[in-house]
Amino acid sequence: MKYLDEYRDPALARRLLDELRRTATTPWRIMEVCGGQTHTLVRQGIDELLPAGIRMIHGPGCPVCVTPLQTLDRAMAVAARPGVVLTSFGDMLRVPGTDTDLLSLRARGADVRVVYTPMDAVRIAQDNADRQVVFLAVGFETTAPANAMAVLHAARLGLTNFSMLVSHVLVPPAMTALLEDPDCEVQAFLAAGHVCAVMGWREYEPIAERYHVPIVVTGFEPLDLLEGVLMAVRQLEQGRCEVENQYVRAVRRQGNTAAQDAVRTVFRVSDRAWRGIGELPDSGLELADEFARFDAARRFDVSGLHTVEDPECIAGAVLTGARLPTDCPAYGTRCTPRHPLGAPMVSAEGTCAAFHAAGRTKDVLQP
Amino acid sequence: MTLACPTPRHEEDVVLLGHGAGGRLTAELVDALVLPALDGQHGPLEDAALLPGHPDLVISTDSFVVSPLFFPGGDIGSLAVHGTVNDLAMRGARPVALSVALIIEEGLPLEELRRVMTSMGKAAREAGVPIVTGDTKVVDRGAVDRIFVNTTGVGQRHLALRPSAALARPGDTVLLSGPVGLHGTTVLSTREGLGFESDIASDSRPLHRLVDVMAPLGEQVHSLRDPTRGGLASALNEIARDAHVPVEIDESAVPVPRAVAAACDLLGLDPLTVANEGCMVAFVAPAAADEALAALRSLPEGREAARIGEVPSSGEAGRVTLRTLVGARRVVEMPLGEQLPRIC
């Protein structure tokens, strides 16, 4: 299939691996930022095929994983109210909050619905004038434009029964925070292709320059990742630290300016807590004052919640690449997709879930 | 090391949608709650059960709650016939007779009921099985969603065929009778209006003729399973578990239609865990593999049959491994619970 088969070709994959073997003369540590990339790497076993010494560090780019527990608890508190329809992407439904999760709330009678786009949530609000419809808006720059469009659409329709619980996060501040950590082992980044399809890569140029780190904007198919790794290794071997674009079929330097405009209209940059990582300055989006009436956190009183993280979960260390899921004593035993202790075991993009789905165990493979 | 669950498990005291999804949650519910109460058998749960005292007769029952009622390639009526006919076929049986029980929501347009029943009758005639008894109940609005259908079937086994999930053995070749992922993605796309439904249709169809053409191979046909809920991943894991063997398949050999691959990519689904209603996996002795493949391909419903893997002579029993497109290996886990509710 056009844009699918040609990026999964086994013969081309072998050729890229051979080229990588010829290119790498010394060990390198490369972080793929996005959970979608982690998923492809682990699912296809690409990280096991890389030449010895090239180690992939799995990054924090799983939106479900970094959504603060407080946001989840707020969503559940809102969903439990009579007259509320809580809408969300499917991944969020099984993430454990302090006391329960959205699926269990649904089984107990809460009206929790999976939607595939925030516009569906707006439609549900139109069709149910007597109900308050809340959309759980999480994600990186990738999902922000669609969420912005939903708010703009709801404003145009004059809806008073639609709101969003917003917990948007931004990639560059997270990369900067990782690089500021003195223990950071990352020598190059594969930037998230879909985030850059929206935002372009101009904001990565100062990061590459300041921290002397190569950044390769990379796609999500097996060959994209192999080529992205190869481009990063070439830069490292040659002592370059530039922003390069592997994902040319989707990404331009300036990004999608119409999408950026919509995001800038509806949201403003704010400090944001990342689950497992902590508060990062200017790392998130919240609704701009003009659209504050769509803020579910204001519409419903959700203060006074007491959130408790599971003490055993090492999600923060996994999200920053400091530890592997298999380093966690609970991995595969007390923490499984059936009984997740933390978000990375739930989301399809979570590193722990990706490892678990590929059957990786503690004794197999410590790259 | 603490053994106590560190977080409360509120989900345990009510039934979740995932308990009905055919994955690990369903197995846990059946094993822990249903079977003990019913003095159920221990050992592998097959698609159809032998009737006590009648070694050549098998029985199977299935309820259908699919939403929407009508979708490209089928509807709840034809699905209810195919589903039960196929469960019988997976034990090497021809369908002898079906019963049909309807639970109808008050207010269902008669025209819709007529369409469902007409389709059901047509599917039964095409499968060559009479519907010999039935039951009709109507409930208050909201007590069911439009119409739910149960079918129960009795089948007569081919004398030579004795397939069972427990009989797969080292050396076996794994065959797949057709492409995977069509039914689940079609129903989801139709229900949610995702736009793929113009390119794909459910594979809902009877499989007993595919079993018929393999009958001459007799006991060389070890295990048959139709990968419905939980998809191919679930079917292979069940056979690997029940037969205590490893199973290895080749990602590039598993036929996935392009529209299914595209839909799954967009939705974050794995085609191996998406439900099918018209294909089956067969574990056959290696000496019979070519003949079995030719037999499957001789029928229209097996035209795209393929050899997708084997039972290796060494490896961890119960584990299903996939050779990925780029040449690495990964474990194919039993799905926890299907992400798509009410697809059958």
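**Entry 1: helix crossing**

Before I call a hand, I need the rule: a crossing is left-handed if the near helix is turned anticlockwise from the far one by less than a right angle, and right-handed if clockwise. I also keep in mind that this is a predicted model.

I looked at helix 8 (residues 144-157) of chain A against helix 13 (residues 257-266) of chain A, and they pack at an angle of about 60° with their axes 8 Å apart. I have to call helix 8 of chain A oblique to helix 13 of chain A, because roughly perpendicular takes 65 to 115 degrees and roughly parallel takes angles under 35. The crossing of helix 8 of chain A past helix 13 of chain A comes out left-handed.

From helix 8 of chain A I get Ala144(A), Pro145(A), Ala148(A), Met149(A), Val151(A) and Leu152(A). Helix 13 of chain A brings Ala259(A), Ala262(A), Val263(A), Thr265(A) and Val266(A).

**Entry 2: where the chains meet**

How many residues does each chain put into the contact? I find 30 residues from chain A and 27 residues from chain B. On the side of chain A that touches chain B, helix 1 (10-23), helix 2 (35-44), helix 3 (46-49) and helix 6 (102-107) of chain A each supply at least two residues. I sorted that side of chain A by class and got 16 nonpolar, 6 polar and 8 charged residues.

I stopped at Ser67(B) and Pro68(B), which are joined by a cis peptide bond with omega about 5°. I placed Pro68(B) in the loop between strand 2 (54-64) and strand 3 (70-71) of chain B.

Asp282(A) is not a glycine, yet its phi is positive, about 50°. I found Asp282(A) in strand 11 (residues 278-287) of chain A. Is Asp282(A) buried or exposed? I count Asp282(A) as exposed, because it has 12 C-beta neighbours inside 10 Å.

Arg146(B), also a residue other than glycine, has a positive phi near 70°. I located Arg146(B) in the loop between strand 6 (131-139) and strand 7 (147-157) of chain B. With 18 other C-beta atoms within 10 Å, I log Arg146(B) as partly exposed.

Technical notes
Residues are numbered from 1 along each chain as its sequence is written. Chains are lettered from A and ligands numbered from 1 in the order in which they are written. This is a predicted model: local features need pLDDT of at least 70, side-chain atom pairs count only at pLDDT 80 or more; totals for chains, interfaces and linings use all residues. Two residues are in contact if their C-beta atoms, placed from the backbone, lie within 7 Å. Helices (H or I, at least four residues) and strands (E, at least two) are DSSP runs, numbered from the N terminus. Ala, Val, Leu, Ile, Met, Phe, Trp, Tyr, Cys and Pro count as nonpolar, Asp, Glu, Lys and Arg as charged, and the others, Gly among them, as polar. A residue is buried if 20 or more other C-beta atoms lie within 10 Å of its own, exposed if 12 or fewer, and partly exposed in between; C-beta atoms are placed from the backbone. Axes are lines fitted to C-alpha atoms, for helices over the stretch in contact, and angles run from 0 to 180 degrees between N-to-C directions. Angles under 35 degrees count as roughly parallel, over 145 as roughly antiparallel, 65 to 115 as roughly perpendicular and the rest as oblique.
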